[in-house]
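The structure is shown first, and the description follows.

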Amino acid sequence: MSESPMPAWSNPALRALAASTVTAVSVLVLAACSQAVPVEAADAASDPACAAVVVRLPDALAKDTEAEQAQRETNAQGTGAWGTPASVVLRCGAEAPGPTTDRCVTVNGVDWVIDESSAPDYLFTTYGRTPAVEVLVDNDVVSGTTVITELADAVSVIPADGACTTIGENAG
């Protein structure tokens, strides 16, 4: 009776090579799926205050809800992004807005000017902080109010040098 040849996969060296090949291919495939979000850096993105903001950004927004958005890598300094595709994009180092008639709200001690002209995409820009932080939110995916509430701690490291006012506060 003749013995059948030993299967190639029973050779430990071949199994190890196959396993490492599968691992390498898996890493490449997964890396291709999580490309950096392209974001144009703001003019003052290299301001040290922006570095202080970026290191404090949360790993997820709207955490533990249906609208949870995981943080993504970006390709520019002073930026952040969340969601796949990105539904929230942050840029630190923007020019601080001057007086405006746009709606301005205070959330957790941070004032935000809200540009609703491209709804459901809302642009929130910090008011009274230099450099300013801009946050573009797809409100169909995640609530803009939730986003600016959760980003307030990170943004508040930039000292306030002004605040929202109403017309009544300016009169007189």
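In this predicted model, Ile-114 stands opposite Phe-124, a residue of β7. The strands concerned are β6 and β7 (residues 121–126), which pair in the antiparallel sense over five bridges. The link from β6 to β7 is a hairpin through two residues.

Strand β6 (residues 110–118) also runs antiparallel to strand β5 (residues 103–107), and five bridges join them. Here Cys-104 has Val-113 of β6 opposite it. The hairpin formed by β5 and β6 has two residues between the strands, and Asn-108 in the turn has a positive phi of about 50°.

The two pairings are listed below.

Another part of the chain involves strand β3, where Thr-79 is found. Is Thr-79 buried or exposed? Its relative accessibility is 6%, and because buried means under 20%, Thr-79 counts as buried. The side chains of Thr-79 and Thr-74 are joined by a polar contact of 2.6 Å. Leaving aside residues up to four places away in sequence, Thr-79 touches Val-39, Ala-41, Val-54, Leu-57, Thr-74, Leu-90 and Arg-91.

Gln-77 lies in the loop between β2 (69–72) and β3 (79–82). With residues up to four places away in sequence again not counted, Gln-77 touches Ala-41, Ala-45 and Ser-46. Gln-77 and Cys-50 are 27 residues apart along the chain, and 8.5 Å separates their C-alpha atoms.

Terms used: Residues are numbered from 1 along each chain as its sequence is written. This is a predicted model: local features need pLDDT of at least 70, side-chain atom pairs count only at pLDDT 80 or more; totals for chains, interfaces and linings use all residues. Side-chain values use heavy atoms; hydrogens and water are left out. Helices (H or I, at least four residues) and strands (E, at least two) are DSSP runs, numbered from the N terminus. Contact means heavy atoms within 4.5 Å. Buried means under 20% relative accessible area, exposed over 50%, partly exposed in between (1.4 Å probe, protein chains only). A polar contact is a pair of N or O atoms within 3.5 Å; within protein, one must be able to donate a hydrogen and the other to accept it, and residues adjacent in sequence count only if both atoms are side-chain atoms. Two strands pair if DSSP finds at least two bridges between them.
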